[in-house]
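Okay, thanks for having me, everyone. Let me put the structure up, and then I'll walk you through a few parts of it.

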Amino acid sequence: MTEKFNIAVFQGDGIGPEIMAPTVEILDRMAKVSGSYSLQFNEAPAGAAHYAKTGESLPAASMKVAHDADAILLSAMGLPEVRYEDGTEISPQIELRKALKLFAGVRPVTVRKGQRTPLHMPAGKEIDFVLIRESTEGLFFSQGCGEVSENEARETLVITREVSEKLFTFAFDLAKTRKTAGRGPGRVTCVDKANVFRAFAFFRDLFDKEAARHPDLIADHAYVDATALWMVQKPWDFDVLVTENMFGDILSDLGAGLMGGLGLAPSADIGLDNAVFQPCHGSAPDIAGQGIANPFAMLLSAAMMLDWLGLRHENAAMRRDGDRLREAVEDVVAQAQALTRDLGGTAGTRQAAEAIENALFVK
């Protein structure tokens, strides 16, 4: 029996619709070829352009579409010239994270043999690790509500037991899944600053309690500054890293740099009941409408969605298609086929997407 899944689609701003269109086309074709599942795509208006027209960045109707969906596919959001009255950016993705309690921000970092990278890669080495960023609290907790006076400004960092315990359970479960799939040794590293801040000592203590429940996995710690160094010196040694919101925000961009840029950086924000999948890059309004935007991060995010849905619903065909889509993008990039300008090539959005389609469907 074919399983049907409802996918909320947020087209985004700037280049958002341009990279979403081929992604939806490829997902729909994969589902039809598989025959083991089907995807119903439901549009959900939101974003900076929508705010400029209507005064709403995330309408209640769109939030309901997202809440009721099996998964949420969200493209690049925001426009530099469109801001809230307090000067902050239009960020529906952050509102979704908080409203749907999407505590686990998942940022894969992958560099395959032959892929261009700023690093000098030793022969035979590849990079394949996942950074998990807590996405609802930490230093982002007081976003938009910080205290500012004439002589000082304050923001509040919050780490709670409730969210951290769910975060660490998720991290160890992911490490186990990766180990079973042969993609890692089953190692989870807690990235913190426990030597300076009591909040991070608390964070580390909760991590250690969860680690004790997984004697079959490896657990260790690293300070965030050392982690930044090791991500440049020996990133192939990492498996699963788990950290606070702000630290994860910074380290995930470093991870994107290892891959060659944000154009190859997918992401997911996952909770107990909902999940959002989106590229890490911005809306690039300066190139919008030119047909040259890089669709790879959007496609890799869609691959993560298929894998998550397949795991959640025990649908092996979806998980296989998630792997196929991810590997198709990785192969096209590693072989320098149809690279877009940000990756040193000359391909446009359509050409890049067609290269992925050919890798998936042309024998």
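This is a predicted model: local features need pLDDT of at least 70, side-chain atom pairs count only at pLDDT 80 or more; totals for chains, interfaces and linings use all residues.

So, the lining of the second largest pocket: by class it has 12 nonpolar, 12 polar and seven charged residues. For those classes, Ala, Val, Leu, Ile, Met, Phe, Trp, Tyr, Cys and Pro count as nonpolar, Asp, Glu, Lys and Arg as charged, and the others, Gly among them, as polar. Of the 31 lining residues here, Met77, Glu89, Ser91, Gln93 and Cys280 are the closest to the centre of this second largest pocket. Two or more residues of that lining come from each of α4 (92-99), α8 (245-259) and β12. Helices (H or I, at least four residues) and strands (E, at least two) are DSSP runs, numbered from the N terminus.

Residues are numbered from 1 along each chain as its sequence is written, and side-chain values use heavy atoms, with hydrogens and water left out.

Now, staying with α8, what does it meet in α7? Val224, Thr227, Ala228, Met231 and Val232 in α7 meet Phe247, Leu251, Leu254, Gly255 and Leu258 in α8, where contact means heavy atoms within 4.5 Å. That contact divides into eight nonpolar residues, two polar and no charged. The axes of α7 (residues 224-233) and α8 come within 10 Å and cross at roughly 10 degrees. Those axes are lines fitted to C-alpha atoms, for helices over the stretch in contact, and angles run from 0 to 180 degrees between N-to-C directions. So α7 and α8 are roughly parallel to each other, the word we use for angles under 35 degrees.

On to the sheet. It's open, has 10 strands with mixed pairing, and the order is β2-β1-β3-β12-β11-β4-β5-β10-β8-β9. Two strands pair if DSSP finds at least two bridges between them.

Terms used. On a 1 Å grid over the protein atoms alone, a cavity is a set of points where a 1.4 Å probe fits but cannot get out, and a pocket is an open set with protein on both sides within 12 Å along at least five of seven lines; lining residues have an atom within 4 Å of a point. Angles under 35 degrees count as roughly parallel, over 145 as roughly antiparallel, 65 to 115 as roughly perpendicular and the rest as oblique.
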